[in-house]
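Please open the structure in your viewer and keep the selection panel at hand.

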Amino acid sequence: MSSLQTLNRKIKTVVSPFHELLCSLHVFHQPEHHPTRLHWALELKKRMPLALQENIHTLGQLSDRWIALLDLPDRMGVPISCNQGITLLKKLPDAELVYLFMNQEIALSTLVEWLNESESKRSLMKLSGNVKYLINNLASVRKLLISTLITYEHDYFGQEWDYIEPFMNISAAQFQDLASRSPEKALNTLHPRLLAENGTLTVQKAVTYYFPYDQLGQVYVFPSTFIFPHLLVGWFEDTLFLPLTVDVPGLAFSEGPPSDLLRQLKALSDDTRMRILKLLWKSPHCTKQLAPILGISEAAVSKQLKQLSEAGFTQSQRKGNYLFYSVNKEVFDNLLVLQRQYLEQ
């Protein structure tokens, strides 16, 4: 039997309240990228206490805008209620919680080793960014995470779920029916940058991924009223996770481009800033090195670097008396996705 003939048996649509709760927090944390949910986020912001908003943003910064928490180890193919999801996070071992927050980018064994070190020894380690904060403040982060989720679910998301659940179930049933009859056709309805043909599922993000049908054990499709227009894809061994956009009647649609996309494009529309980026692409430089190459003052270089930094294109690291700037190449990869994402809406 061909891989196409068995593909329909591998596709399962999963309506998961906790998955949708996390998607809604992602939107609230960064609403301008979600044209069908921007109005919802702005209205919710008017009603929500500032302290809760700050907690949501703090946790979003630690968890890749809440997306990292979608990869709960026990979520494969099983609908998870909000209470079940919160309980899973509450009971998750320390190393596994940090592993989840860090998008599984650091080996679990390494995190176990770091957590078992004494506080004084950890302070000497060259830990950086979020992982350093998480390891040194894990108990307080876990407490903040659980309390924030409980309050948000009880006071805000619960009511929204009651409204959107029927639309989620209808869309899930329709997609599953189409997948049972024509799996390739069903998969090709999911997103403009997802293509199923010739025995392979192709996913275009900053990097293009290829998933041959015969190497897939299971394809779980998660409906969401929030995640559009993101192509939210995950995989674990031979299991693939894909998004299904669910339309809700009456949602206001924002036609304007995201402000961070405009800020990035504006940062690139200058001769001097482009020359700076070209130099930094090859190796880190400080302002003292850049000024004579560019033929401008160090103050002028700093002004241009500030705009590049605000757009996310550059980062700095102190070495002695100087700040050395380098290019954040991941942001350039994501810029391609942001442009297509807006144009495809």
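This is a predicted model: local features need pLDDT of at least 70, side-chain atom pairs count only at pLDDT 80 or more; totals for chains, interfaces and linings use all residues.

Residues are numbered from 1 along each chain as its sequence is written, and side-chain values use heavy atoms, with hydrogens and water left out.

**A bent helix**

Select residues 138-181, which form helix α10. Helices (H or I, at least four residues) and strands (E, at least two) are DSSP runs, numbered from the N terminus. The end C-alpha atoms of the 44-residue α10 are only 48 Å apart, whereas a straight helix would reach 64 Å at 1.5 Å a residue; the expected span is 1.5 Å times one less than the number of residues. Now centre on F157, where α10 bends by about 55°. That bend is the angle between axes fitted to the seven residues ending there and the seven starting there.

**A buried glutamine**

Next, select Q304 in helix α15 (residues 298-310). Its relative accessibility is 16%, so Q304 counts as buried (buried is under 20% relative accessible area, exposed over 50%, partly exposed in between, with a 1.4 Å probe and protein chains only). Show the neighbours D270, T272, R273 and I276: Q304 touches these, not counting residues up to four places away in sequence (contact means heavy atoms within 4.5 Å). With R273, the Q304 side chain makes a side-chain polar contact at 2.8 Å. A polar contact is a pair of N or O atoms within 3.5 Å; within protein, one must be able to donate a hydrogen and the other to accept it, and residues adjacent in sequence count only if both atoms are side-chain atoms.

**The cysteines**

How many disulfides does a search of the whole structure find? The result is zero, a disulfide being a pair of cysteine sulfur atoms within 2.5 Å. C23 is buried at 0% relative accessible area, and C286 is buried at 4%.

**Backbone angles**

Most residues other than glycine have a negative phi, and most peptide bonds are trans. Go to the loop between α4 (50-62) and α5 (82-91) and select D64, whose phi is positive at about 55°. R65, in the loop between α4 and α5, has a positive phi near 60°. D64 is partly exposed at 29%, as is R65 at 32%.

Finally, select F228 and P229, joined by a cis peptide bond with omega of about 5°. P229 is in the loop between β5 (218-224) and β6 (234-236).
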